[in-house]
Amino acid sequence: MGLLTQLLTAPLAPVRAVVWVAQRVTDQANEEYYDPAPVYAALADLEQRLLSGDIDQDTFDDLEDQLLDRLDEIARYRQNLP
């Protein structure tokens, strides 16, 4: 970047910084939201609750379907990453 370009675009530096920070926050949020590890942990916990008698089979099936749907969503998201 030349000196003239730096001088002309200097007023935009705070805007670029805010955009950069917002992009990093969005990236981190997506990484956490689409992490399959908590879903696998929830599935394991759900199975333990079923085995210990805390929940019945119908409740287990409903909750398991929700968690498996979440895993499908995560897989689809990860396939579409560049």
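This is a predicted model: local features need pLDDT of at least 70, side-chain atom pairs count only at pLDDT 80 or more; totals for chains, interfaces and linings use all residues.
**View 1. Ile55 is a buried residue, with a relative accessible area of 10%.** Leaving aside residues up to four places away in sequence, Ile55 touches Leu46, Arg49, Leu50 and Phe60. For a sense of distance, look from Ile55 to Ala41: the two are 14 residues apart in sequence, and their C-alpha atoms are 17 Å apart in space.

**View 2. Helices H3 and H4 pack against each other, with their axes 10 Å apart.** Here you can follow H3 through residues 37-52 and H4 through residues 57-79. The angle between the two helices is about 170 degrees, which means that H3 is roughly antiparallel to H4. On the H3 side, the contact is made by Val39, Tyr40, Ala42, Leu43, Leu46, Glu47 and Leu50. On the H4 side, the contributors are Gln57, Phe60, Leu63, Glu64, Leu67, Leu68, Arg70, Leu71 and Ile74. What classes of residue make up the contact of H3 with H4? Sorted by class, there are 12 nonpolar residues, 1 polar residue and 3 charged residues.

**View 3. Arg70 sits in helix H4.** Is Arg70 buried or exposed? Arg70 counts as buried because its relative accessibility is 16%, and the cut-off for buried is under 20%. Which residues does Arg70 touch, not counting residues up to four places away in sequence? They are Tyr33, Tyr34 and Val39. Val39 belongs to H3, and both Val39 and Arg70 take part in the contact between H3 and H4.

**View 4. Leu51 lies in helix H3.** Leu51 counts as exposed because its relative accessibility is 63%, and exposed means over 50%. Now find Tyr34, one of the residues touched by Arg70. How far apart are Leu51 and Tyr34 in sequence and in space? They are 17 residues apart in sequence and 28 Å apart in space, C-alpha to C-alpha.

**View 5. Stepping back, the protein chain has 4 helices and 0 strands.** Read from the N terminus on, its elements run α-α-α-α. Taken along the principal axes, the C-alpha atoms fill a box of roughly 70 × 25 × 15 Å. The chain has a radius of gyration of 22 Å, whereas a compact globule of 82 residues would have one near 12 Å. Of the 82 residues, 13% count as buried. The chain exposes about 6,500 Å², and carbon and sulfur atoms supply 58% of that area. Finally, consider contacts between residues at least 6 apart in sequence: 66% of these join residues at least 24 apart.

Conventions: Residues are numbered from 1 along each chain as its sequence is written. Side-chain values use heavy atoms; hydrogens and water are left out. Axes are lines fitted to C-alpha atoms, for helices over the stretch in contact, and angles run from 0 to 180 degrees between N-to-C directions. Angles under 35 degrees count as roughly parallel, over 145 as roughly antiparallel, 65 to 115 as roughly perpendicular and the rest as oblique. Contact means heavy atoms within 4.5 Å. Ala, Val, Leu, Ile, Met, Phe, Trp, Tyr, Cys and Pro count as nonpolar, Asp, Glu, Lys and Arg as charged, and the others, Gly among them, as polar. Buried means under 20% relative accessible area, exposed over 50%, partly exposed in between (1.4 Å probe, protein chains only). The radius of gyration is taken over C-alpha atoms; the globule rule is 2.2 Å times the number of residues to the power 0.38. Accessible areas come from the Shrake-Rupley method with a 1.4 Å probe; for residues, only the protein chains shown count as cover.
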